[in-house]
Amino acid sequence: MEPLPEEAPPGAYGGSRLTTGFDIPDARAFAGRGDLATAEPEGDAGALDGEILQAIADQASWMTDLLADLVRAPTTLGNEESGQKVIEQALLDIGMDPVDVPLDADQLRAHPLAAPFDWDVSGKRNVVSTWAPDEGSGGRSLILNGHIDVVSPEPLGQWGADDPFGARREDEWMIGRGAADMKCGLAAILGAVKGLRSLGVVPGAPLTIESVVEEECSGNGTLQTVLAGYTADAAVIAEPFGAAITTSQVGVLWFSVRITGVPGHAAEGQHATNAIEKSLAVIGALRSLEADLNAVPPAPYDLFTHPINLNVGTISGGDWASTVPGECETGYRIAMYPHMSIEELKGRVEAAVTEATSDQPGAAEVRYNGFSSNGYEIADDHPLVTTLAHSFATQSGAPPALVSTTGTTDAAVLGNVASIPTVCFGPYAESAHGVGERVYLPSVMQTAQVLGLFVRDWCGLR
Ligand SMILES: [Zn+2]
């Protein structure tokens, strides 16, 4: 095991201080904010601290086994079902009723805030389960959400001897695609609820667990749960941002640019128009847009050196070394600040592409497919934030950091579409989407224990 880094919220993971593997500065640490107080829970909730922590600690090996089973399910886009079966069985193991929320392509496409998609979603389902009191007792309802889908482990060759879906243990870490992003969070959610249920208590308001598909490409999995009527007074997504509450995230847009050139013999290339080389001009124009967006970042993104990231994710063009390519398509992801709208960003993207191809009007076509997510922010002093901070401090002995992320999560759907106050809080992980992705297992337990206390503090227990 590598030595742990020195910086991170005090009290996390038994006194060591970790920064998250994501690009998240913790300059807004709760401890440094004299204007913020963690919120005491409503009612007589303090008595159960020790019992809750112990009941969840007792689930350690169950949670680790569950996480390994989840990592061994290769739930890339279109292959999510093997993981949902594991979740379904885990819910049955803890005495909860799993409910299918199938993706409905027509219903999604009819929703004005759905992300566009050209892939097949038939047969896909979210797995959802609600633990509710027999009758209302005035508590606040809660959604605990995590996504089952993972990104591809390619290029496989770079994993060396490691099977990306092998769930290999190395000391206190588990390694594998999805171990970090975010099957560790799902394991923590289920471990927390299993521990609470072992105490013979019930929440004071409905607690819903959601294992969703398509978080990595559209957000339409969580959107389908909203369309199915699932809602709550708050939501926590157990994304692996580590000992910190994420209160702000950027918006994200996926788009592709298809260039139509003029094919011809390479020997007479001066008479042809090379679609691959024209694509390079488009990439350059989009890099200029990215630079403009990063020039003067608004708070809290002024804490980052490079908050807005353009990614050239795919490229496809040409089919013969001696033929000038007549077509080339590039696929992109770009971010934007929460105050911008997707429509404004689309306008700037299209203007950049038009400018880069002004010598060949009509040669470029911009298409949107996948993420079309606005950014999302929740106030630092929202009761969800301060109550979760209290639960964190109860478990760890110190307040958490408040952070922003340069990526998107399903908080964009729950917060913007369903108007459910939402934060991310989850385990400590490294190399999400990369080679050797891994999660620090003690942080999975910490997440579960904090979530267990938070269910008590937010929903009430009886
Ligand atoms: Zn994630």
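Two strands count as paired here if DSSP finds at least two bridges between them. With that in hand, here are some notes on the model.

1. **Ground rules.** This is a predicted model, in which local features need pLDDT of at least 70 and side-chain atom pairs count only at pLDDT 80 or more, while totals for chains, interfaces and linings use all residues. Residues are numbered from 1 along each chain as its sequence is written, and side-chain values use heavy atoms, with hydrogens and water left out.

2. **The chain overall.** The protein chain has 11 helices and 19 strands; helices (H or I, at least four residues) and strands (E, at least two) are DSSP runs, numbered from the N terminus. Of its 462 residues, 56% are buried, where buried means under 20% relative accessible area, exposed over 50% and partly exposed in between (1.4 Å probe, protein chains only). Taking a contact as heavy atoms within 4.5 Å, residues 24 or more positions apart account for 83% of the contacts with a separation of 6 or more.

3. An open sheet of four strands has the order 11-13-9-14, with antiparallel pairing. Strand 11 (310–317) and strand 14 (364–373) are the edges; each has a single partner strand, so one side of each lacks a neighbour in the sheet. From one strand to the next the twist averages 15°. Strand 11 and strand 13 run antiparallel and are joined by seven bridges, and V312 has Y332 in strand 13 as its bridge partner.

4. **Helices on that sheet.** Helix 7 (residues 275–295) packs on the sheet and touches strand 9 (251–260), strand 11 and strand 13, its direction making about 10° with that of strand 13. Helix 8 (residues 342–356) lies across strand 9, strand 13 and strand 14 and runs at about 155° to strand 14. For these angles, axes are lines fitted to C-alpha atoms, for helices over the stretch in contact, and angles run from 0 to 180 degrees between N-to-C directions.

5. **T330.** This residue is found in strand 13 (residues 327–336). T330 counts as buried because its relative accessibility is 1%. Its side chain makes a polar contact with the side chain of Y332 (2.9 Å); the term covers a pair of N or O atoms within 3.5 Å, where within protein one must be able to donate a hydrogen and the other to accept it, and residues adjacent in sequence count only if both atoms are side-chain atoms. Leaving out residues up to four places away in sequence, T330 touches F255, S256, V257, S279, I283, T314 and I315.

6. **The zinc site.** The protein donors of the zinc ion are H147 (NE2), D181 (OD), E239 (OE) and E239 (OE), at 1.9 to 2.5 Å. Donors are N, O and S atoms within 2.8 Å of the metal (3.2 Å for Na, K and Ca); water is not among the atoms, so sites may look incomplete. The arrangement is irregular because the four donor atoms subtend angles of 55 to 149° around the ion. Four donors count as tetrahedral if all angles lie between 85 and 135 degrees; four count as square planar and six as octahedral if opposite donors are over 155 degrees apart and all others between 65 and 115; anything else is irregular.

7. **Where the donors sit.** The donor residues follow the spacing H-x33-D-x57-E. D181 in helix 5 (residues 179–198) and E239 in the loop between strand 7 (235–237) and strand 8 (244–249) link distant parts of the chain, 58 residues apart. Both D181 and E239 are buried. Helix 5 is itself mostly covered, with 17 of its 20 residues buried.

8. Another open sheet has four strands in the order 4-5-19-18, with antiparallel pairing. Strand 4 (168–170) and strand 18 (429–430) are its edge strands, each pairing on one side only. Three bridges join strand 5 (residues 173–175) to strand 19 (residues 438–440). Helix 5 packs on this sheet, touching strand 5, strand 18 and strand 19, and its direction makes about 45° with that of strand 19. Helix 11 (residues 441–459) lies across strand 4, strand 5 and strand 19 at about 60° to strand 19.

9. **V71.** Worth a look too: V71 lies in helix 2 (residues 60–72). The C-alpha atoms of V71 and G178 are 5.9 Å apart, although 107 residues separate them along the chain. The residues that V71 touches include M174, A179 and K183.
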